[in-house]
Amino acid sequence: MKKKNDERVSNIKQVDSKSNKDYAKVNGGVFVFTKSITVGELAKSLNVSASDIIKKLFLKGKMVNINQYLDDDTIGELCLEFGYDFKKEETVNEEDFEKLTFEDKKEDLEERPPVVTIMGHVDHGKTTLIDAIRNSNLAGEEYGGISQEIGAYQKSYKGKKITFIDTPGHKAFSAMRMRGASVTDIVVLVVAADDGVMPQTIEAIDHAKAAKVPIIVAINKMDMPGADPEKVINELMKYDIIAEKYGGENIVCEISAKKKIGIDNLLEAILLEAEMLELRANPKRYAYGTVLEANLDKGEGAKATLLVQNGTLYSSDYIVCGTSYGKVRRMTNEHSQILKEATPSTPVSVIGLSEVPQAGDHFMAFPTEKQAKEIASKRQLKKLEEERASNNGVTSLDDLYKKINEGSLTQINIVLKTDTTGSAEACKSSLEKLSNDQVKVNVIRAASGGITESDILLAKASGALIYGFNVRPTGLVRKKAEEDKVEIRLHRIIYALIEEVEDAINGLTKKEEVEKVAGQAEVRNIFKVSKVGTIAGSYVTDGEIHRDGLCRVIRDGVIVYEGKIETLRRFKDDVKVVNSGFECGIKISNFNDVHEGDIIENYEMVEKE
Ligand code: GDP
């Protein structure tokens, strides 16, 4: 239900299908239409008779009747002939709300705080600066320290707010941008005064420039004996970052993040830059913005940090976020305070969504639950169709080689699972960089954790190979992959993984050694034997375990050790093989840290046919 006294304007222009007023009308000599219309409707709008139109078209060799729909070109030609100019206005489908351009009345627009991202070379002091700003007790601040990490925070300075994005660096900034989300208004480029311009300084400049975001330079570590700000300013000129004192547009501040010197000046500079940018938004419309972070909270379900970019988000609003939707059940800020409303540029943490959205997804609030639900399901359907459309039927490396050599493949889809979130991001971006003019590498899922059945499903549905870095599938998952003919490629070295995909793109096949898994056993009891070490009392769940050959220990899908089996016993006897369904004692060479529940996998390396 729409809330009482809710005077917010909707973001989507509603097109009334019953009257033609809204989608086809003459406005100051210009015929404006938004969709295809019939001969009768056009005649009415242009104030001519339908038979005039039919006659004109007949003379051009087109036979039409009064109820026939006209294409855009014909509508244009007819308008000109009847003395009107014409314009086709694109309407945005509700479910494509990312494409929305907001039309706000000038009087509704209000100043909004700038959103700032801090970038720079590693060790130049980005994190220290973020901490210095967030922990500084600035005059006139209402709250104390930050009590909840939500990925962004606001600071008040001289009665004005500034929003800081917490993740420094250009990688996160560009990851967002790649997903079509530009949230940053101003970049603060941190350069250490004793080190000067470094490779990542240049990268950060490139990224900020590509996004057309103004750069404020913060020359940091001014407390260091070797600090030379002039040298930094000179070096930056090469990259078209020109300080104001040399006639350029870039504000330069000299600071020490560690000693908290010059922070006030920097904030002042940010406010000055923001003023020049004339950042405005309309608080009187339904909220629209971007997901900065999202995760699954054990107790509270899907939890997301949203940056409101236009409109006002109220607690208990209905929102669509990526493909999920829900009623905002609780909205808090970085001080864990419950908020009733969040105005433009405010970052908030919300719970109540049906599933976890992705960072970079857009969200929008809707007047009714019904609308939000409908739009979310349309978006889900569309996503599914897109996934299906990108299905190229390639789920193994052999298919890949074949199709690339035939020249019939333009996209490689990859599901990537790794041991940590960091390695997932690194690996994903390296893989996607391999794309060339002919073949695009598309990582459709990059996440940390073991390879699961849902990964196989996704790979099968979208025609993708699965790449695992430092992770393993369980025996069951491996079987499912075999059934579904989805190939799982496992690597322990990122470089080798990248090289394999690169070779595939270039159509190069290599004779290679591949591993052949003999079987898996689950550790059920641990026996510590003095002088011998830890014996893993295990049950063979899959295949068979051989005493010879290699083994690895897997915990929650992640490899924790690789080595050899030292002894394999059934009761007191040394044996060579133990079959599936039997118990055994396994001692691994030089490794005693096995836990109950670990999986011991036995394999050998063989040359691939
Ligand atoms: P980041 O990699 O850019 O996030 O850099 P950090 O914030 O982690 O800082 C790297 C190192 O520089 C740390 O040891 C900081 O204590 C130190 N550092 C940061 N700012 C200053 C500063 O203003 N002066 C001095 N002397 N050291 C600083």
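1. Overall build. The chain has 609 residues, of which 47% count as buried, where buried means under 20% relative accessible area, exposed means over 50%, and partly exposed lies in between, with a 1.4 Å probe and protein chains only. This is a predicted model, in which local features need pLDDT of at least 70 and side-chain atom pairs count only at pLDDT 80 or more, while totals for chains, interfaces and linings use all residues. Residues are numbered from 1 along each chain as its sequence is written, and side-chain values use heavy atoms, with hydrogens and water left out. Along its principal axes the C-alpha trace spans about 100 × 75 × 50 Å. The chain contains 14 helices and 31 strands, these being DSSP runs numbered from the N terminus (helices H or I with at least four residues, strands E with at least two).

2. The shell around the ligand. Which residues come nearest to the ligand? Of the 15 residues around it, these are Asp 123, Lys 126, Thr 127, Thr 128 and Asp 223; a residue is counted as near if one of its heavy atoms lies within 4 Å. Helix α4, residues 126-135, gives the largest share of this shell, with 3 residues.

3. An N or O atom in the side chain of Thr 128 is 2.4 Å from an oxygen atom of the ligand, and for a polar side-chain atom of Asn 220 the distance to a ligand oxygen is 3.1 Å. His 124 takes part through a polar backbone atom, 3.4 Å from an oxygen atom of the ligand. Taken alone the ligand exposes 580 Å², and the protein buries 76% of that, with accessible areas from the Shrake-Rupley method.

4. Salt bridges. How many salt bridges are there? The count comes to 37, taking a salt bridge as a side-chain nitrogen of Lys or Arg within 4 Å of a carboxyl oxygen of Asp or Glu. One of them joins Glu 111 to Lys 160, with the closest N and O atoms 3.2 Å apart. This pair links distant parts of the chain, since Glu 111 belongs to strand β4 (residues 110-111) and Lys 160 to strand β7 (residues 160-165), 49 residues apart. Glu 111 is exposed at 53% relative accessible area, whereas Lys 160 is partly exposed at 33%.

5. A pair within a helix. Glu 432 and Lys 428 also form a salt bridge, their closest N and O atoms being 4.0 Å apart. The two residues are 4 apart in helix α11 (residues 421-433), and therefore separated by about one helical turn. Both sites are partly exposed, Glu 432 at 22% relative accessibility and Lys 428 at 24%.

6. Are the partners Glu 601 and Arg 478 buried or exposed? Their side chains meet in a salt bridge of 2.7 Å, N to O, and the pair links distant parts of the chain, with Glu 601 in strand β31 (residues 599-607) and Arg 478 in helix α13 (residues 475-483), 123 residues apart. Glu 601 is buried at 0% relative accessibility, and Arg 478 is buried at 18%. Both belong to a network of salt bridges that also includes Arg 472, Arg 492, Glu 515, Arg 552 and Glu 562.

7. Asn 602. Strand β31 also holds Asn 602, which is buried with a relative accessible area of 1%. Its side chain reaches the backbone nitrogen of His 546 at 2.6 Å, and a polar atom of the Asn 602 side chain lies 2.9 Å from the backbone oxygen of Leu 550.

Terms used:
Polar contact = N/O pair within 3.5 Å; in protein donor to acceptor, adjacent residues only side chain to side chain. Areas by Shrake-Rupley, 256 points an atom, 1.4 Å probe, with all protein chains shown as cover.
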